[in-house]
Amino acid sequence: MLEMRNIVFGILVVFFAVLSCRTGDEDLQKIDQILDIYMKNGSGRDLLHQKKDQTYFTYSMNDVFGIKDISPVSSSLRATADSTLFIEYIAGARRIGVDTLDPNNKTYRSLIAISLVKRLNNTIQDTINDTMRIEYRMTPSVFEVSKVYYNDTLRFTKTAGSPNVVTIVK
């Protein structure tokens, strides 16, 4: 009797293992949520270089919809081949459902407070507080950044196949 249970259990384990190994591209959802944020002045100069005057010495990002008042959002400062710096934001801010009635086309939103510390002659000059609203679109085939607003001004709209690059001119 015990042997029969072991055989039945073994058959069930193999059956569920085979069932879970289904492959079907139609079940895959593409996730495209990495956001590259460039900060430049009116003449195109990089404002994230810490070693230059009139640039932002440091920055921080806080999730406005976070569970706590201070809910830091992780990001990293990256550089292109020509040493232009940009903020890479992958994920971390809480997403609130805006339009979730249609299961095949949902919209979510994150709101991030950005604090930029400016310096002049190696001393802190000013702290600038801005906001960035990120809107996401989710369908059965894709979850992606669809729009980015910086201080309530539309700065980015997703184009199929292109990277999510936002340039803020200050």
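Is phenylalanine 143 buried or exposed? Phenylalanine 143 is buried, because its relative accessibility is 8% (buried means under 20% relative accessible area, exposed over 50%, partly exposed in between, with a 1.4 Å probe and protein chains only). Some notes on the rest follow.

1. Ground rules. This is a predicted model, where local features need pLDDT of at least 70 and side-chain atom pairs count only at pLDDT 80 or more, while totals for chains, interfaces and linings use all residues. Numbering starts from 1 along each chain as its sequence is written, and side-chain values use heavy atoms, with hydrogens and water left out.

2. Aromatic rings. You'll find two aromatic pairs in the structure. One of them is tyrosine 136 with phenylalanine 143, stacked at 5.3 Å centre to centre with 10 degrees between the planes. For the terms: rings of Phe, Tyr and Trp (its six-membered ring) pair if their centres lie within 6.5 Å, and planes under 30 degrees apart count as stacked, over 60 as edge-to-face and the rest as tilted. Tyrosine 136 is buried too, at a relative accessible area of 0%.

3. Four strands make an open sheet in the order 4-5-2-11, with mixed pairing. Strand 4 (76–79) and strand 11 are at the edges with a single partner strand each, so one side of each has no neighbour in the sheet. On average, neighbouring strands here are turned by 35 degrees against each other, direction ignored (axes are lines fitted to C-alpha atoms, for helices over the stretch in contact, and angles run from 0 to 180 degrees between N-to-C directions). Strands (E, at least two residues) and helices (H or I, at least four) are DSSP runs numbered from the N terminus, and two strands pair if DSSP finds at least two bridges between them.

4. Strand 2. In strand 2 (residues 35–40), five of the six residues are buried. Strand 2 runs antiparallel to strand 5 (residues 85–89), joined by three bridges, and isoleucine 37 faces isoleucine 87 there. With strand 11 (residues 165–169) strand 2 runs parallel, over five bridges; methionine 39 has isoleucine 168 as its bridge partner.

5. Strand 7. A hairpin of six residues links strand 6 to strand 7. Tyrosine 136 turns up again, as the strand 8 bridge partner of tyrosine 108.

6. Serine 115. This residue lies in strand 7 (residues 106–120), opposite serine 60. The side chains of serine 115 and asparagine 129 make a polar contact at 3.1 Å (a pair of N or O atoms within 3.5 Å; within protein, one must be able to donate a hydrogen and the other to accept it, and residues adjacent in sequence count only if both atoms are side-chain atoms).

7. Threonine 157. Threonine 157 belongs to strand 10 (residues 153–157) and is partly exposed at 41% relative accessibility. Leaving aside neighbours within four places in sequence, threonine 157 is in contact (heavy atoms within 4.5 Å) with Ser146 and Lys147.
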